[in-house]
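Subject: Structure handover, ligand sites

Hello,

Please find the structure below. My notes on the ligand sites come after it.

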Amino acid sequence: MAGNGDSAAEFLPDRLSLAGLRRAAADCRGCPLYRNATQTVFGEGLKRSRLMLVGEIPGDREDRAGKPFVGPAGRLLDESLVEAGVDRDEAYVTNAVKHFKWEARGWRRLHSKPSAREIKACRPWLDAEIEVVEPEVIVALGATAAKALIGSDFRVTRQRGELIESELAPHLTATVHPSSILRNPDADARRAAREEFVEDLRVVAAVLNDGS
Ligand code: URA
Ligand code: SF4
């Protein structure tokens, strides 16, 4: 297995800590995505965060900043969390895949979706983050994260906001990806989609407030 470039597993440190994981992930070559990206975008948040938010893959802004959800999708996420009554500072925020994937469109770097193989290759980082943080609630943002965390038959459109018991955390749920809301060309539809997103996050706020 070693060195064949199909998994992050061989790059994981022996002892798991967030600082150690972050350092090790910076040098990950578990799949080809590190080649065209600026840097690894590792998860961010406190070790004992009660909530973990899992996105898909960093975008252009995240690639430059080295931090997850700092671009337009991140702004929408922040605002929606505030509206739902969840403090982003209390959440650990990460992605299913840790390197930006893109295609050139003239001078622009157009975001592409990760392949099933890349998601699988990067999975050891996410599992290690879950092991260290031990969140009470995990929220998958979008179908990619939902399929990875819940299963391939999970349908975000039908099952969003449902709380699921899981080996990964006492509560697991999924909702749409904030980017999907931003892509909606119609302002009214965008507003409605955003309100539904906040509703899903209110379910999460209720669980967190219940347990405190
Ligand atoms: N979209 C994601 O899935 N993750 C990010 O970090 C930013 C945008
Ligand atoms: Fe490693 Fe994940 Fe980056 Fe691939 S995307 S090189 S598995 S950190």
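The notes cover the conventions and then the two ligands in turn.

This is a predicted model, in which local features need pLDDT of at least 70 and side-chain atom pairs count only at pLDDT 80 or more, while totals for chains, interfaces and linings use all residues. Residues are numbered from 1 along each chain as its sequence is written, chains are lettered from A and ligands numbered from 1 in the order in which they are written, and side-chain values use heavy atoms, with hydrogens and water left out.

Ligand 1

The shell (residues with a heavy atom within 4 Å of the molecule) consists of Gly55, Glu56, Ile57, Pro58, Glu62, Pro68, Phe69, Asn95 and His177. Four of these residues are nonpolar, three polar and two charged. The classes are nonpolar for Ala, Val, Leu, Ile, Met, Phe, Trp, Tyr, Cys and Pro, charged for Asp, Glu, Lys and Arg, and polar for the others, Gly among them.

Polar contacts (pairs of N or O atoms within 3.5 Å) include these:
- Asn95: a polar side-chain atom is 2.7 Å from a nitrogen atom of ligand 1.
- Phe69: a backbone N or O atom is 2.9 Å from an oxygen atom of the ligand.
- Ile57: a backbone N or O atom is 3.1 Å from a nitrogen atom of the ligand.

Of the 240 Å² of accessible area that ligand 1 has on its own, the protein covers 94% (Shrake-Rupley method, 1.4 Å probe).

Ligand 2

Around ligand 2 are Ala8, Cys28, Gly30, Cys31, Tyr34, Val97, Lys98, His99, Ala121, Cys122 and Trp125. By class, eight are nonpolar, two polar and one charged.

Regards

Terms used: A polar contact is a pair of N or O atoms within 3.5 Å; within protein, one must be able to donate a hydrogen and the other to accept it, and residues adjacent in sequence count only if both atoms are side-chain atoms.
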